[in-house]
Amino acid sequence: MRVLVVGATGFVGTRLVAALADRGHDVVAFSRSASQESFPEGVEPFEGDLGDPDSLDGLCTDVDVAYYLIHSLTAEEFAELDRRYAARFREAASAAGVDRVVYLSGISGAEGDLSPHLASRREVESVLAEGTFDLTVLRAAIIIGPGSASFRIVDDLTDRLPVMAVPKWVRTPCQPIGIDDAVEYLVELLGAERTRGRTYDIGGPSVWTYEELLELTAREKGKRIYIVPVPVMTPGLSSHWLRLTTDVQYAIARPLAESMRHPVTVDDDRDLQHDVRIDRTSIEVAVRRALADE
């Protein structure tokens with residue numbers, strides 16, 4: 001297939017481009033900083049900006065499947081940008097006759113009272129769903145791997161705070177997934193026709209709390225930490241606390257912290273594992289690999 005990856009130089013995008021190329025697909029890698037040196041041999045770079053319509057000419061020409069991996073968390077008006085970019089991509093893909101689009105979104109748990117970050121992901125799903133192509137949505141919680149902003153927060157905290165007075169969201173359940181598994185799901189669904197037009201959750205084989213993830217990460221680094229949850233710390237205060245304890249850009253850390261109040265576990269009725277079976281990596285192994293690659 002001729003496959004377009006939009007957001008090809010990001011945390012997921014770089015790995016997805018390589019995996020698709022390894023499978024023999026004709027890959028077009030789109031990004032504002034796309035260059036031949038950024039990707040494996042044979043991958044076609046396409047440098048452009050969804051904020052500049054003139055740079056998109058020919059982007060979707062002869063494309064069979066497109067992966068949409070754009071999230072604009074670093075911008076203050078990220079929800080507006082995500083809405084605009086998704087609509088612009090939808091029109092380009094529809095006009096060019098793209099057959100399928102795959103969007104990597106986020107698990108939200110309850111659909112009410114969403115954080116701005118998760119509400120934006122849902123809005124992008126709706127915007128893309130108006131295209132003429134078949135849309136497949138994969139929703140993930142924390143993706144564990146080197147370069148993941150969410151995992152980097154966990155990693156930084158275990159480095160800097162042997163004793164933590166932390167927000168109560170540390171006991172919120174989540175179902176993280178290793179980056180290798182996330183990419184494998186993204187690639188394997190191309191061969192599963194039944195996944196067209198459907199929305200799925202993806203996650204690792206076990207449910208954790210953020211507190212347990214912190215303790216696991218510390219153990220893998222040979223450290224010991226002490227955690228004291230503070231029930232009065234609001235999402236806003238949590239984000240300022242993260243500003244002092246992690247190197248992750250504040251514009252990214254704040255919406256992520258606001259989202260951590262929601263349980264984010266895989267709904268069995270939407271589990272992609274039912275339709276695309278992979279040998280899932282344990283979270284212990286995923287954390288170990290992420291730390292080794294860091």
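**View 1. V137 of strand 6 and its partner in strand 11.** In this predicted model, V137 lies opposite T199, a residue of strand 11. The pairing of strand 6 with strand 11 (residues 199-202) is parallel and comprises four bridges. With strand 5 (residues 100-106), strand 6 also runs parallel, and seven bridges join these two strands. In that pairing, S105 faces R139 of strand 6. Strand 6 covers residues 134-140; six of its seven residues are buried, so the strand is largely enclosed by the rest of the structure.

View 2. The strands follow the order 3-2-1-4-5-6-11 and pair in parallel. Strand 3 (44-47) and strand 11 form the edges, each of them pairing on one side only. From one strand to the next, the twist averages 20°. Helix 1 (residues 11-22) packs on this sheet and touches strand 1 (2-6), strand 2 (26-31), strand 4 (65-68) and strand 5.

View 3. Helix 3, made up of residues 116-129, lies across strand 4, strand 5 and strand 6. Relative to strand 5, helix 3 runs at about 165°. Two of the strands under discussion, strand 5 and strand 6, are themselves joined by seven bridges.

**View 4. Packing of helix 1 against helix 5.** The crossing of the two helices is right-handed. Helix 1 contributes F11, V12, R15, L16, A19 and L20 to the contact, and helix 5 contributes I179, V183, L186 and V187. By class, the residues of this contact are nine nonpolar, no polar and one charged.

**View 5. Packing of helix 6 against helix 9.** The axes of helix 6 (residues 210-220) and helix 9 (residues 283-293) come within 10 Å and cross at roughly 55°. Helix 6 and helix 9 are therefore oblique to each other. Helix 6 passes helix 9 in a right-handed crossing. On the helix 6 side, the contact involves L213, L216, T217 and E220; on the helix 9 side, it involves I283, E284, V287, R288 and L291. These residues comprise five nonpolar, one polar and three charged.

View 6. D269 sits in the loop between helix 8 (250-259) and helix 9. With a relative accessibility of 68%, D269 counts as exposed, the cut-off being over 50%. Along the chain, D269 and Y200 are 69 residues apart, while their C-alpha atoms are separated by 8.5 Å.

Methods. Residues numbered from 1 in each chain as written. Predicted model: local features only at pLDDT ≥ 70, side-chain atom pairs only at ≥ 80, totals over all residues. Heavy atoms only, no water. Buried < 20%, exposed > 50% of the residue type's maximum accessible area, 1.4 Å probe, protein only. Pairing = 2+ DSSP bridges. Axes fitted to C-alpha atoms, helices over the stretch in contact; angles between N-to-C directions. Parallel < 35°, antiparallel > 145°, perpendicular 65-115°, else oblique. Left-handed = near helix turned anticlockwise from the far one by under 90°. Contact = heavy atoms within 4.5 Å. Nonpolar A, V, L, I, M, F, W, Y, C, P; charged D, E, K, R; others polar.
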